[in-house]
Amino acid sequence: MINPFSKKEHPEFIRDYLIAAKQRKSGKRLLSDERIVVLDIETNGRPLESDEILSLALFEIVNGQIELSRQRKWIVYHPDTRPTRATAIHGILPCETEQGVPEPELLKELIPILAGALVVCHHIRFDLSRINKILYRHFKVRFKTQAIDTAILAMHELSAFHKTGYPNQRAPSLDEICAQFNLPATARHTAEGDAFTTAQAFLFLCGRLQRRLGRPIRVRDLPLSEF
Amino acid sequence: MLTSTNFILDRIVSALKQFPPFSMFEEDDLQELSRTAKVQVLTQGDAVWKQGDPPGNEVLFLARGRVEYFHQVAERSELIDIRDVGDTLGLSALHEGEPYRVTALAAEDCILYVLTWPMIRDLLQKNDAARYYVRRHLFWGMRVGRSLPDTGLEATGAAQNVLEAHLKGAHTISPRPPERLLCCTPQTSIREAAQQMSAKRVPSILITNADRHPIGIVTRSDLVKNVVAGDTNRALPVSTIMAAPVVTVEANSSSAAATLTMLRRRIGQVCVTADGTAGSPAMDVCTQKDLLAQSGRHPAGFIHDIRLAQSPARYREICDDIERMALTYLEAGMSGMLLGEICAELYDELVRHLISAAMAELTDQGNFPPDIPWAWMAVGSDGRREQVLRTDMDNAFVFAATGDAKQDEQNRAYFLELAKRVIDQMVAAGFARCQGAVMASNPNWCKTDAEWIGELKNTDLLISGTHMLRALILYDLRLVDGDAALCESIRQTVFETAKNSLSIKLAMAERIVATPPPLNFRGKFIVEKKGGNEGEFDIKARGLTPLRDTARLFALHFGLRQHYSTGGRWLELAHAHPELSELAFLAREGYDLLLRIRTLTGLQRGDDGRYVNPAALTKLQQGQLVNVFDVQRMAQASVRARFAIDPRS
């Protein structure tokens, strides 16, 4: 039984993560020096309270290049899921989730990768809140990180998505960003396909930003969200 | 962990798989290669690398977008090449381990797959077809600062086949250091010259004037003939026994053609001069042995075969062999122009052989040749030495006028009969009869010198449609056999009348300008919409003709008469008029490329190669073709400017 009040009870990787998360980093750091992790999850599409992560994929960007050798992908173990409407979209069948990795195992592998990295997602709140939920469920800690939402970055960088002030303006979808860059959307609605597309979109957005700035990008030039 | 299919990896593999050299690799190898790949994104204007940067350890595959190569000289930056989807970047720099020769800029947003070079190098080493592709195609495009492509791929340590070894650095004459050349003045005594020859142990001595221009040559056999066997005094000046004029060839011209020249003229050496004429400084004297040492294997054997051949079947066999040789040479990357020179030498020899055989045959039948000078001329593409395929023949005949119309007709009848026999033999050897009946057996193309000259001088007649075509064919005339002076008098007339007649030049210029480059505004090829060749591209009318006509026009306009071939004309133009040299060099290179593509297509399909399917060309060839059409546009602009043709008319 894990005692939520004692940090000593945390497994080692959580302790390391908490230490790494505590170190606040300067916004002056160059983006090119950062390790960037682009991730995406597929869920069964319910509200947060009852939603479950079915799969998670991530790519790492080092030196401005997406490293395929460091690509990771997990299918998460769920013993008896029923097909929902989302199943038709992401195509992850119950028989696959029955053979997936249990959530604690996933976190054990995932958290060290995220530690000290800059996290990039599209619609970040959705992804991180679900990760946060299982992190809290199993280890009673909150996810603390600096993260970048490509949707918000796109609203800054692409004139098509600039804030106009009209009510109910919503952040652009990944498909809309792809259309702007004329990017081929690969294997959409799979975790790795979306993560890869997000990573490419992120790099294109950074390219735009750098051209606008006329100098190398520092971390604080990006719209950071704190979690 | 459940490993379901990896979409991203598959995607990269399938993207690579579509394009050579990756298409030649095994699927498993590609998987392995892709696993270590990285994906890089460049926005418009970003530099992939800069000129002079050392190559990294990575090869870039352009998955999306366009990259432009700029070559920087002093302050000027010039766009020299474009790479688009499916092209591989940086291979040649890595290969040769030297800094990038160009700056690569992203012309639009690009996605690049970054692949590790050592893995690719290993794969290339394993895969012959891929290595061959890389050697042949990728390196061609990266020739900044080089005149001839060095297609070596030594780094992989792969053995070359015999033909490659033969062609590599062997198709041109490279003169040795000039201090090696033994020469003396005409006043030197024979004894002294012979002493120098034996001291330096060379078989000949070149006699030059004060400007080092060759005026004569003395060989060992001359000494034997005149001094040892004959009784010429050794104290006499060497000019008394020298052979003059000296047969000259140009440095860096085809060594095979030079060998053939020697065989044809039955001499043992040729003099290499700066511009290929005796009016420029001598650089080297090459014997057959020297050239053989340079080339290893050459088509000179065909000359012997032709001389020994007796039957039509044998002629055909030899011609088939020549064509096969042409195909292997072209596939091994030989220049279309050099090949044209070689084939012209060989086919000329065949024609000479056929003429003497036909004459002997007629004499046997009691039909004796009239005792007047005559000449067999090659005209049109034959005259320009561009006929590699036997899909056409263009020839004409000239004989001296006697002043007596009746006698002329008798002579004509004899020569027509002679030409008919020769051409029948050529047809038996596989040549196709000329569609336009440009053949010496046609009375229209078998005339006395007076008739030819009269026709050529009638400029008003010449500029009308069909006569113009006839004149253009005739303007490229070249002696094959017979009396050189007779042929020269006609060529002289061509240059005089055309040079001085503005109306002829204007008519030629208008024809050139009337052919627009065959690209629509999106840079796609315009293909034939009607006739039997829909979807194909007429490389002769749309590509070769304008460049060839421009060269001819400039040659006539400036009176450049040393060369017969289009390539030679461009070169001569570049030397004589430096302000046009940029255009001339580009045009020559472009023409060579078009000629190669046409001849290769023709050999592969067994037709004249006139219609090319753009989709069947490699990406690199497509890109090069587009560049050639830019050159064509330049040539047309230059013609317009020089002959004041309004672009709107």
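Which side chains meet in a salt bridge, N to O? Select Arg208(A) and Asp109(B): their side chains meet that way at 3.2 Å. A salt bridge here is a side-chain nitrogen of Lys or Arg within 4 Å of a carboxyl oxygen of Asp or Glu. Across the interface of chain A and chain B, the rule finds one salt bridge.

Before you go on: this is a predicted model, where local features need pLDDT of at least 70 and side-chain atom pairs count only at pLDDT 80 or more, while totals for chains, interfaces and linings use all residues. Residues are numbered from 1 along each chain as its sequence is written, chains are lettered from A and ligands numbered from 1 in the order in which they are written, and side-chain values use heavy atoms, with hydrogens and water left out.

Next, select the whole contact (heavy atoms within 4.5 Å). You'll pick up 30 residues from chain A and 26 residues from chain B. The area buried between the chains is about 2400 Å², with 61% coming from carbon and sulfur atoms; that's the accessible area (1.4 Å probe) the two parts lose on being put together, summed over both. Now highlight Gln65(A), Leu68(A) and Phe204(A): in chain A these lose the most area to chain B, together 26% of what that side buries.

Last stop: strand 3 of chain A pairs with strand 1 (residues 38–42) of chain B, antiparallel, over three bridges. Strands are DSSP runs (E, at least two residues), numbered from the N terminus, and two pair if DSSP finds at least two bridges between them. Zoom in on Gln65(A), which stands opposite Gln40(B).

Technical notes: Helices (H or I, at least four residues) and strands (E, at least two) are DSSP runs, numbered from the N terminus.
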